[in-house]
Amino acid sequence: MMGEPQAPHVVAAGHVCLDVIPAIAEMPRLRASSLMVAGPAALSTGGAVANVGLALHRLGVPVRLMGKVGDDPFGRVVLDLLRAHDPRLADGMVVTPGETTSYSLVFSPPGVDRAFVHCPGANDTFGAADVRLDGLGGARVFHFGYPPIMRRLYSDGGVELHALLAAVRARGLAISLDVCHPDPQGTAKRVDWPALLARVLPAVDVFEPSLDELGILLEVPVPDPPDLAQLRALARRVLAMGPAVVVLKLGDQGLYLRTAPEGDALERLCATLSLDLAAWRNREVLSPCFRAEVAGTTGSGDSTIAGLIAALLRGDDPVSAATAATAVGACSVEAPDATSGVRPWPAVAARLAAGWARLPVHAGLAAHAWQRDPRGTFHDPFTQETT
């Protein structure tokens, strides 16, 4: 018999879709009348709701999912896939008659970064009313993902997104926000993204874009490979907009974390999650990727965020939190879908304790007087920045 449901520690809300992942050996180069033979297709839930939510669930963190699907076959598949993990995981989902469930065709051949063909579907009509505030009871963190491909939330300069996050934050939850690349061909290309971020980020505690995504949204070029000086400049700009913590996902270079030097936002976050304020004040961390047998990179950024959120709930310091985030992200790439490679946290911790090897980072990141954690994470350079 199933026991009493445990109150969620995290609510994962926002974008959800069905990922269709064909088995292919190389990236398609399709032309009119051409045919490419593929292997069997994996069907997996995708989007921030499912990816972050299921990764947290696999880590052992109680979670509630709040996304929106249609009453169509793809919507039924999404709900069935969620229930296969736990019958309760679909309870917070919204099913809207007549709407199309979002889906993505995910092309992820071995050793190649993935590419997508995406239908936003019901995500475009997702709004503040689709988040039930009475369903937040017991939660400490509200994670929202992918507003740049959710039309209602990026319209009107992000007014509704800000109102939603502010309303949730007013109920005492810490707010985590992730983004994605906006569609360069659709209505999103007309959005003033720097202004939208300036409006929304005061209601956010932890902001977790990839470096590429942040460069696009702030309309600034980013170096490839990344350079520490520009990471610092971007982090300062983001922190000035209001968050207490900014986390930049750097692909195969790992993860960069920077915290505010002081202020109400950092004090609030630490009080909300029972974090050590002194340990989180004015910190700079670079966590290189762990070595992994890569089967697919779909959802690796979301799993990284799940690892970070779980660490925050444990009360970890910034170095341990960045290490955990990178470790969970590395686990996720060892399976072709977004989350099945993620293990319960004790198994991840054991892998870290056994001396899990890291990948090297580019000289532009490593050629600084970093302190080095025994687990291989860089932090707090001896020579502090002067600009």
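Tutor: Before we start, two strands pair if DSSP finds at least two bridges between them, and strands (E, at least two residues) and helices (H or I, at least four) are DSSP runs numbered from the N terminus. This is a predicted model, where local features need pLDDT of at least 70, side-chain atom pairs count only at pLDDT 80 or more, and totals for chains, interfaces and linings use all residues. Residues are numbered from 1 along each chain as its sequence is written, and side-chain values use heavy atoms, with hydrogens and water left out.

Student: OK, how many bridges join S12 to S13?

Tutor: Strand S12 (residues 245-249) and strand S13 (residues 255-259) are joined by five bridges and run antiparallel, with Lys 249 standing opposite Leu 255 of S13.

Student: And what's the strand order in the open sheet?

Tutor: The ten strands are ordered S4-S1-S9-S10-S11-S12-S13-S14-S16-S15, with mixed pairing, and the edge strands, S4 (63-66) and S15 (371-372), each pair on one side only.

Student: Switching topic, which residues touch the most other members of the largest nonpolar core?

Tutor: Among its 62 residues they are Leu 56, Leu 82, Leu 257 and Trp 280; such a core is a set of buried Ala, Val, Leu, Ile, Met, Phe, Trp, Tyr and Cys residues joined through side-chain atoms within 4.5 Å. Helix H11 (residues 318-332) gives the largest share, nine residues.

Student: Is Arg 232 buried or exposed?

Tutor: Arg 232, in helix H7 (residues 228-239), has a relative accessible area of 10% and is therefore buried, the term meaning under 20%, with exposed over 50% and partly exposed in between (1.4 Å probe, protein chains only).
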